[in-house]
Amino acid sequence: MRAAALGFLAGTGMLQQLASLPDRRWPLLLLVVLLFLWRTPTMRFTLVRLAGFALLGFLWAVAVGHVMSAGGLDPALEGRDVLVEGTIASLPDPLGQRSRFQFQAERLWLDEGSFPSTDPLTDHSVAYSIKSPPGKLLLSWYRDAPPLQVGERWRLRLRLKQPNGFMNPGGFDYEGWLFGQGVRAKGYVRKAQADDENRRLQAASGHLVDRLRQTLRDGIRSSLAGHPQTGLVTALAVGDRSAIEDAQWDMLIRTGTNHLLAISGLHVGLVSGMVFFLMRWLWSRSARASLYWPAPKAGAMAALLAATLYAALAGFAVPTQRALVMVAVVMLALILQRQTRPSSLLALALLAVLMIDPLAVLAPGFWLSFAAVAAILLGMSGRVGGTRGWRSWGRVQWVVTLGLLPLLILLFQRASLVAPLANLLAVPWVSLLTVPLTLLGSLLWLLFPTLGGWLLAAAAWSLSILWWVLEWLGAWPLAQWTQSAPPVWAVASALLGVMWLIFPRGFPARWLGWIWLLPLLVVRPSMPLPGEAEFTLLDVGQGLAAVVHTHNHVLVFDTGPRFPSGFNTGEVVIAPFLRQRGLTGLDLLIVSHGDNDHMGGALALAAELPPGQVLSSVPQRLTALGAWPCLGGMRWEWDGVDFELLHPRADYTAGGRRGNNRSCVLRVTTAAGSVLIPGDIEQSAERYLLAGQPDKLAADVLVVPHHGSRTSSSEAFIDAVAPQFALFPVGYRNRYGHPKADIVERYRQRGIRLLDSASHGAIRFRLGEPGGLRLLDTWRQSARRYWHRLPDESGG
């Protein structure tokens, strides 16, 4: 069983690394492989069977991938108004005047003029075009969104586009997450053009579990209104994490306790375990019941039912699905009276999870949950009846922390060093006090709201006490270890090392594990040599963020946008990129001007990586960072690389729309090439630069000013720069229509190679010897997987 599960895991994981799916006829080989495995003796040809199960996993993942990839949004519908009827399929997430929710589309139509006032599917007197609905949609409703409830049917006027996410090294694969959730298009609700648009067609029906979850969520929020732990209690009760604040998430991650404060595998297992022992004890009190059915079987059945109900409260989210499968495997083994080794049960659970959801391998939680259980089984084997109490519990925390270290560094480039101590205290506190209070309070709130509210308040109070401890631990200077993403060989070496270290006492030469672990902690990615620089234009949507790093120094130019929800690219794009590259310090942050799409992520980035110095054309808006004005004529050298600010000079008085013309303009020069980053300057500033510094504008790489707007990129400016590459920092199908077609053509006519962040993701260059200027990669192409949006190569 263990070999079968590992082989199936390897095959499934291999498929998820492909840029495109194999032919849909490949799964026809499944029956052939199954027949081969059935005919192969179990105890012989282990490697052959391992390869056979790997092929089985690969083919199964191909079949599931084709099923999930079917349908989707017709590209011809992007950017056009469509009328869609369907059902709200998730808990709406309200935030101010905006609400976000999943919408199961049932029918969709498009009219070349205005939509008909009557039902277009029955009134054949009007011209319309019925399209196949794309499936599940992720929608936002802005400007006075009405109260929404899961299960309601609506007719909505929408503007849709294909699922799209930022594509950067070290960044979160949002498109992969949407694909795993079954979301086939994103969009927003448009203003109604007729009375029967944006209209509720039917009150909530069906979706009984989700309607109950929404009722509980709203009840908890009203009962705990204003309490700082409301979001955490809601997450523990119904699995809705939307109200957890960013600062709270940061503290949970820093202390390694983020797995506790949501419906997680730990809590599903805890609830099922408590119900198992309680039901077994109650059942054994009745001799008649015990004769009819043994108490352990009754306890296992009740535990399985409890785990299913608790997972349903979380909306059967993917992590709870995995936990439910693992519980089901263990309880069914008890019911069937199978004497199976724990490692075989774990392997069976792994196999079941992968068969249900081959895309589970994309989720970090999949690897962490199974690795944690495996580490406990390995590290605590032979200890039954030995060390007990807090010492044994401390050993468990040590084993889990060490066992997960290689995966945490690989997946997140950071790991909590205080996690063993934090979890030593937090796990029993949350599991034995907070979770029971939360569940009992939620249940009673449905029947007796006042009494339920008191228990929910007690749960929040218990979290407040725990939070004080977590904040104290998180404030330790070395609470978190951060480093670059390690190479695969270093991770493999570290996994062998931690296995060696967590083997039970008595295993010979356990100290050798530290030697195997060492490469994970000391190997760093190669840095530019003295005199060289690496330049990266990051994908931050409709905005600008770029990183220049030399042998020993790092500069960030602009930080992309911040959204009303608090989501910002400084925190979710730039900081992860710097961690992934092993850049743990930030010497200089330049914020070109005050537009949100350039400075929105500055404060969040500075909170994670405090910059040594900040320069900006709007220093008065960054006083919290101690910003100084950026002035033309500033020059410095780092590791043999020249940096110069060309604009704005002290005598420059022209303004321009929203201060665009006062954008900081930076030129980076090495012996092998140069980069010019002009921010959002417009043609008047271009003329100023042409008149005063024409000899300093030449560059091999130009970040196109103002995202390719018609306000910039005059022909004289382009000719003076004469770049080999022109980079357009733009968002996919952005509302401004950037880059403008005539501006793109202006660059193309000069034989300049064109790249844009919407089509290519992050774009990286190396300026140095050997080879001079070199395009290293475009991340959307080099990291492409079969679920990613196909890039539009027309611009380049």
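β14 (residues 586-591) is mostly covered, with five of its six residues buried, meaning under 20% relative accessible area with a 1.4 Å probe, protein chains only.

A quick word on what you're looking at: this is a predicted model, where local features need pLDDT of at least 70, side-chain atom pairs count only at pLDDT 80 or more, and totals for chains, interfaces and linings use all residues. Residues are numbered from 1 along each chain as its sequence is written, and side-chain values use heavy atoms, with hydrogens and water left out.

Now hop over to helix α6 (residues 230-238). Nine of its nine residues are buried, so the helix is largely enclosed by the rest of the structure. Among them are Thr230, Leu232 and Val238. Just after α6 comes Gly239, with a positive phi of about 75°.

Finally, look at helix α1 (residues 2-15) and helix α12 (residues 342-356), which pack at about 30° with their axes 8 Å apart; axes are lines fitted to C-alpha atoms over the stretch in contact, and angles run from 0 to 180 degrees between N-to-C directions. α1 and α12 are therefore roughly parallel, the word for angles under 35 degrees. The contact (heavy atoms within 4.5 Å) includes Phe8 and Leu9 of α1 and Leu350 and Leu351 of α12.

Note on methods. Buried < 20%, exposed > 50% of the residue type's maximum accessible area, 1.4 Å probe, protein only. Helix = DSSP H or I, 4+ residues; strand = E, 2+ residues; numbered from the N terminus. Parallel < 35°, antiparallel > 145°, perpendicular 65-115°, else oblique.
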